[in-house]
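Hello,

Here is the structure we talked about. Please open it beside this email and follow along.

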Amino acid sequence: LSNVLQNALQYSSIQYRNKYYVSSLKRARQTAEIILHPVNSKSISIDHRLREITLPWQGMYKSEIQSSSEFSWMYSDFQMKSNNYSIHSDEHKSIFHLWNRTQQFLNDTLTSNSTQDPIVHWIVSHNHTSKAILGSLLHLETRFHSVFSIGNCSISVIDEYNAPKHHKKRIRKLVLLNWTPNINISTKTNSSLIIHRSLTRKNSMILSSLDQILSVVKDKATVNSSEIVVTLPHQESHFHTLHSELLHHLTTAPLSTLCQIHIDPGHCTVLNIPQHHYASIQHVNVIMNSSIINQR
């Protein structure tokens with residue numbers, strides 16, 4: 001991962017202006033030292049607004065939390081309704097305050113460019129802080145805090161560019177979510193849905209209607225630890241319409257946000273589908289193992 005990022009840094013430093021922001025927490029600064037070591041430290045801004053939300057099980061493994069009589073119920077409650085979760089009124093212990101401070105950070109950083117030069121903003125942060133940043137950039141409400149999944153040492157990318165003249169706002173697209181060099185789809189407790197965009201138009205296995213897809217998902221999602229693979233049409237407009245409608249149905253997130261997710265031909269979106277609440281988006285625009293893609 002470090003090598004991948006350093007190659008990206010080298011390319012980016014030639015093509016664009018770059019700005020670097022790192023959470024003030026020690027683990028984020030240590031990560032930044034590894035992946036940003038070619039960068040002059042004076043160019044890196046340490047920002048306390050990128051700190052993680054404080055949780056009572058901080059530093060514990062998931063297995064330890066789930067087996068703990070003190071924290072297991074609290075952790076389960078947080079997973080179900082993290083958008084409303086608050087332990088105290090402390091600003092580092094509430095999802096609402098987390099979104100507020102990340103929005104303040106984005107307002108300051110994204111409006112600080114007085115020129116039209118392309119800028120790449122590199123942000124080294126944490127799980128829930130990254131969710132809040134993605135949600136804010138894609139105009140989500142806090143109640144959709146858990147719609148995106150962020151893993152340790154993963155990379156997510158949002159592109160922003162000028163809209164046509166008749167649009168006032170700049171256009172944003174989520175082009176990569178939760179990417180690591182060796183992506184592993186975990187189906188130990190829930191089903192995974194892999195939405196694959198066909199490379200060609202000549203594929204008899206393509207599902208071309210929302211009803212068809214939902215029928216497949218309904219049949220297979222009742223079985224834990226299953227992988228459900230659906231292949232959608234290659235054609236740009238048809239694919240993105242179906243893709244957005246399917247994500248909307250499974251996550252309830254607004255179509256206006258889901259339309260901002262970009263998938264290349266031959267790439268996938270991966271969702272985690274629990275049995276008792278809405279799906280979350282695990283990965284966006286990733287290439288999965290061909291043996292998985294060939295399952296229908």
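**What turned up**

Start with Thr241. Its relative accessibility is 45%, so Thr241 counts as partly exposed: the value falls between the 20% and 50% cut-offs. Thr241 belongs to helix H8, which covers residues 236–251. Look also at Cys259. It sits 18 residues from Thr241 along the chain, and the two C-alpha atoms are 7.8 Å apart.

Please keep in mind that this is a predicted model.

**The chain overall**

The chain has 296 residues, and 46% of them are buried. It holds ten helices and nine strands. Residues 24 or more positions apart account for 67% of them.

**Strand E6**

Is strand E6 enclosed or open? E6 spans residues 191–197, and seven of its seven residues are buried, so the strand is largely enclosed by the rest of the structure.

The side chains of a regular strand alternate between the two faces of the sheet. In E6, Ser191, Leu193, Ile195 and Arg197 point one way. Ser192, Ile194 and His196 point the other way. Both sets are buried.

Which strands pair with E6? One is E8, residues 268–273. E6 and E8 run antiparallel and are joined by six bridges. Within this pairing, Leu193 stands opposite Leu271 of E8. Another partner is E7, residues 227–232. Here the pairing is parallel, again over six bridges.

**Asp47**

Asp47 is in strand E2, which covers residues 44–47. Is Asp47 buried or exposed? Its relative accessibility is 12%, which is under the 20% cut-off, so Asp47 counts as buried.

What does the Asp47 side chain contact? It makes a polar contact with the side chain of Arg49, at 2.9 Å. Leaving aside residues up to four places away in sequence, Asp47 touches Val22, Ser23, Ser24 and Phe105.

**Where to look**

For a quick tour, go to these places:

- Thr241 in helix H8, then Cys259, with a C-alpha separation of 7.8 Å from Thr241.
- Strand E6, with E8 antiparallel to it and E7 parallel to it.
- Asp47 and its polar contact with Arg49.

Best wishes

Terms used
Residues numbered from 1 in each chain as written. Predicted model: local features only at pLDDT ≥ 70, side-chain atom pairs only at ≥ 80, totals over all residues. Heavy atoms only, no water. Helix = DSSP H or I, 4+ residues; strand = E, 2+ residues; numbered from the N terminus. Buried < 20%, exposed > 50% of the residue type's maximum accessible area, 1.4 Å probe, protein only. Contact = heavy atoms within 4.5 Å. Pairing = 2+ DSSP bridges. Polar contact = N/O pair within 3.5 Å; in protein donor to acceptor, adjacent residues only side chain to side chain.
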